Amino acid sequence: MTDDVRISTLDNGLRVVTDSMASVESATIGVWVGTGSRAEEPEVNGAAHFLEHMAFKGTTSRSALDIALEVEAVGGSFNAYTARENTAYFMKVLRNDVGLATDILADILQHPTFDEEELRRERGVILQEIGQAHDTPDDIIYDYFQETAYPDQAMGRPILGTSDLVRNMPRDALIGFMKERYQAGNMVLVAAGAVDHDQIVEQARQNFGDLTNAPLNQQEPARYEGGDFRENRESEQVHLKLGFESASYGADDQFDFAVLSNILGGGMSSRLFQEVREKRGLVYSIFAYASAFQDSGLFGIYAGTGPDEVPELLPIVCDELVKLPDTISGEELERARAQLKASLLMGMESTSNRADQLGNQMLVYGRPWSMEELIEKIDAVTDDSLAGAPKKLIPSKPTLTAIGPLAKLDSYDALLARLTCSA
């Protein structure tokens, strides 16, 4: 943590975190809630995302139009997002309007009306969003991948919910979910940019001081299983995702997988991009990533290719995976470290990125991480630890999802045999 980052906790348990940036005139202020889609029961899947859509749609003292007019009258903007383990609501304003932003955030999170007409309209918007996702293979394949990796459990259900559930989601279910999960101890108020910590704390006390703080029900633990999912459909491309269980937040090897994903498929110099696209011309897009959750993680590889290129593509990806432990060079390691550190440092120039990073760190770790600490973690990835990361991936049951004309795609058993023999 730097001297510019300060933390206070209100009497009700709400944490207030600020990151003062002397060189800017704007600020991003928001509330990060430690609740996402994995906190939902099956019958209300989609509730967390529905709530996010209802943000800024009207309170007991402001209509949806009133909120939009107030924010835009000062040149501000607002947004929100829902993830599997958290939801965020945030606004960007000039320094003199931070108090207004705090007041509006407190209002929408404590006094929403869930007006029936607004609910009807937003229900239709979400149904359109679900329909659009299903019509976009390189979008919906992420949901299929998550569900195949974590079947029959909250971690695997789609963030948007299903059309049937959203269409029939009762108003009381949204009110109940918000009342249960939006507790002071499960929320963090974050402000980054042209802000004064003491002023933000006082504004938080005035606006959020009456927020309740009840114990939360425990979320269902994540159980990675892996498996195979295929959807044959007419299209010009086959969309593939191959992945394995990797590291959770705070695990000793969390940063090993971040560096590994960069070497394998993190940019134009990565192995997969060079081997699959540049040398062979089999894909337009291919990349790897590592995502962490509280008690699990996923290492994934995405590729979009033509139906006739599928038989060649998957074996190459498997070969690149299994030869990683013995072939990572010091030059690759240094380049991957440099890319990750540059991305972090460049992100620090944005008030929104800083606020998002602080909000998520507070929810996950209970404290902010300094940039020096993050860089130290990246630099601590060694040749030996990096070589050990893929050896942990391959023995786990892979997750393979595919959409498109799949007649030439190898069977799941053939994939298992290739990985087993190669390993």
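Predicted model: local features only at pLDDT ≥ 70, side-chain atom pairs only at ≥ 80, totals over all residues.
Q: At what angle do the axes of helix 3 and helix 8 cross?
A: Helices (H or I, at least four residues) and strands (E, at least two) are DSSP runs, numbered from the N terminus. Axes are lines fitted to C-alpha atoms, for helices over the stretch in contact, and angles run from 0 to 180 degrees between N-to-C directions. Here the axes of helix 3 (residues 98–110) and helix 8 (residues 197–208) cross at roughly 30° and come within 10 Å.

Q: How is the relation of helix 3 to helix 8 to be described, parallel or perpendicular?
A: Angles under 35 degrees count as roughly parallel, over 145 as roughly antiparallel, 65 to 115 as roughly perpendicular and the rest as oblique. Helix 3 and helix 8 are therefore roughly parallel to each other.

Q: Which residues make the contact of helix 3 with helix 8?
A: Contact means heavy atoms within 4.5 Å. Helix 3 contributes Val98, Gly99, Thr102, Asp103, Leu105, Ala106 and Gln110, and helix 8 contributes Ile200, Gln203, Ala204, Asn207 and Phe208. For the classes, Ala, Val, Leu, Ile, Met, Phe, Trp, Tyr, Cys and Pro count as nonpolar, Asp, Glu, Lys and Arg as charged, and the others, Gly among them, as polar. This contact comprises 6 nonpolar, 5 polar and 1 charged residues.

Q: How do helix 9 and helix 12 pack?
A: Helix 9 packs against helix 12 (residues 330–347) at an angle of about 110°, and their axes are 9 Å apart. Helix 9 is therefore roughly perpendicular to helix 12. Ala258, Val259, Asn262 and Ile263 of helix 9 meet Glu332, Leu333, Ala336, Gln339 and Leu340 of helix 12. By class, 6 of these residues are nonpolar, 2 polar and 1 charged.

Q: How many salt bridges are counted?
A: Side chains of opposite charge can pair when their charged atoms come close. A salt bridge is a side-chain nitrogen of Lys or Arg within 4 Å of a carboxyl oxygen of Asp or Glu. By this rule there are 30 salt bridges.

Q: Which parts of the chain does the pair of arginine 38 and glutamate 85 tie together?
A: The side chains of arginine 38 and glutamate 85 form a salt bridge with an N to O distance of 2.7 Å. Arginine 38 is in the loop between strand 3 (26–33) and helix 1 (47–54), and glutamate 85 in the loop between strand 4 (77–82) and strand 5 (87–94), so the pair ties together parts that are 47 residues apart in sequence. Buried means under 20% relative accessible area, exposed over 50%, partly exposed in between (1.4 Å probe, protein chains only). Both arginine 38 and glutamate 85 are buried.

Q: How far apart in helix 10 are glutamate 275 and lysine 279?
A: Glutamate 275 and lysine 279 are 4 residues apart in helix 10 (residues 271–279), and so are separated by about one helical turn. Their side chains meet in a salt bridge (3.5 Å, N to O). Glutamate 275 counts as buried at 15% relative accessibility, whereas lysine 279 counts as exposed at 61%.

Q: Where is aspartate 253, and what does it contact?
A: Aspartate 253 lies in the loop between strand 8 (238–245) and helix 9 (254–265). At 13% relative accessibility, aspartate 253 counts as buried. Neighbours within four places in sequence aside, aspartate 253 is in contact with Ala247 and Lys392. The C-alpha atoms of aspartate 253 and serine 385 are separated by 7.7 Å, although the two residues are 132 residues apart along the chain.

Q: Which residues does alanine 389 touch?
A: Alanine 389, in helix 15 (residues 383–393), counts as buried at 1% relative accessibility. Not counting residues up to four places away in sequence, alanine 389 touches Asp256, Phe257 and Leu260.

Technical notes
Residues numbered from 1 in each chain as written. Heavy atoms only, no water.
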